[in-house]
Amino acid sequence: MIALLAIRQVTAAVGPSGPEFEAASQTQTTIAFVVFNLPLMLFSVVAGVLSDRLSKRTVIVAFKIVEVMLMGAGTVALWNDPTGGWPALVVLGAMGIQSAFFSPAKYGILPELLPYEQLSMGNGLLKMWTFLAIIAGTTAGGLFLGLSSASPWLA
């Protein structure tokens, strides 16, 4: 949604087509992509070590709570600035950090929950549902953003 809001801002400033629109929209999308993925990459090593040292259940529960709080902060950020802006980008970057810490625990807990014979199937199912959630969330974000129009915090 943050990338789509940035593109919406570009459309209002430059117009819906042309080389300027293409360049500006690609720049905004790249910024959103980097803001999410850079913290994800930078914190992955630390997150993997943390997931090995602490209870994976504790890490999962703690970072799900962090995720809910970040989504609340994102809602407030979009309520205060419906165009997105830097507060929404800060929340997006924090979600990258949250994802970095959540993922190793999510995948690492499977051997603790499943017998060896079911581990491969469990890993495949977890990966499948993760990708389906990403695709559904991306689609729903765009649809809800379109429906919410001037109130993106509702999305």
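## Helix α2

Let's start with α2: its 35 residues reach 51 Å from the first C-alpha to the last, close to the 51 Å expected at 1.5 Å a residue. Keep in mind that this is a predicted model. Along its course, α2 bends by about 45° at Ser44.

Which residues of α2 are buried? They are Phe21, Ser25, Ala32, Asn37, Pro39, Ala47 and Ser51. Pro39, a member of helix α2, has a relative accessible area of 14% and is buried. Its C-alpha lies 5.3 Å from that of Ile97, although Pro39 and Ile97 are 58 residues apart in sequence.

## The overall fold

Stepping back, the protein has 6 helices and 0 strands, and the pattern read along the sequence is α-α-α-α-α-α. Its C-alpha atoms fill a box of roughly 55 × 25 × 25 Å, taken along the principal axes.

How much of the protein is buried? Of its 155 residues, 27% count as buried.

## Helix α3

Next comes α3, which covers residues 56-80. At 1.5 Å a residue, its 25 residues should span 36 Å, and the end C-alpha atoms are 36 Å apart, which agrees. The buried residues of α3 are Lys56, Val59, Ile60, Phe63, Leu70, Gly74, Ala77 and Leu78.

Ile60 has its place in helix α3 and is buried, with a relative accessible area of 19%; the cut-off for buried is under 20%. Ile60 and Phe144 are 84 residues apart in sequence and 28 Å apart in space, C-alpha to C-alpha. Met69 also lies in helix α3, but Met69 is exposed, with a relative accessible area of 56%. From Met69 to Trp129 there are 60 residues in sequence and 23 Å in space, C-alpha to C-alpha.

## Helix α4 and its kink

Helix α4 has 24 residues and reaches 35 Å from its first C-alpha to its last, close to the 34 Å expected at 1.5 Å a residue. Where does α4 kink? A kink of about 25° lies at Phe102, shortly before the proline Pro104.

Phe102 has a charged neighbour too: Lys64 lies over the face of the Phe102 ring, at 4.8 Å from the ring centre.

## Aromatic pairs

The structure holds 3 aromatic pairs. One of them joins Phe43 and Phe101 in a tilted arrangement, with 6.2 Å from centre to centre and 45° between the planes. Phe43 lies in helix α2 (residues 19-53) and Phe101 in helix α4 (residues 85-108), so this pair ties together parts that are 58 residues apart in sequence.

Phe63 lies in helix α3 and Phe101 in helix α4, so the pair ties together parts that are 38 residues apart in sequence. Both Phe63 and Phe101 are buried. Taken together, Phe43, Phe63 and Phe101 form one aromatic cluster.

## The largest pocket

If you are curious about open space, the largest pocket has a volume of about 1,600 Å³. The largest pocket is lined by 40 residues, of which Phe36, Leu92, Met95, Gly137 and Thr138 lie nearest its centre.

Which helices supply at least two residues each to the lining of the largest pocket? They are α1 (2-14), α2, α3, α4 and α6 (116-148). Among these helices, α6 gives the most to the lining, with 11 residues.

Methods: Residues are numbered from 1 along each chain as its sequence is written. This is a predicted model: local features need pLDDT of at least 70, side-chain atom pairs count only at pLDDT 80 or more; totals for chains, interfaces and linings use all residues. Side-chain values use heavy atoms; hydrogens and water are left out. Rings of Phe, Tyr and Trp (its six-membered ring) pair if their centres lie within 6.5 Å; planes under 30 degrees apart count as stacked, over 60 as edge-to-face and the rest as tilted. Helices (H or I, at least four residues) and strands (E, at least two) are DSSP runs, numbered from the N terminus. Buried means under 20% relative accessible area, exposed over 50%, partly exposed in between (1.4 Å probe, protein chains only). A charge sits over a ring if NZ of Lys or CZ of Arg is within 6 Å of the ring centre and within 35 degrees of the ring normal. The expected span of a helix is 1.5 Å times one less than its number of residues. The bend at a residue is the angle between axes fitted to the seven residues ending there and the seven starting there. On a 1 Å grid over the protein atoms alone, a cavity is a set of points where a 1.4 Å probe fits but cannot get out, and a pocket is an open set with protein on both sides within 12 Å along at least five of seven lines; lining residues have an atom within 4 Å of a point. Grid points are joined across faces, edges and corners, and a volume is the space filled by probe spheres set on the points.
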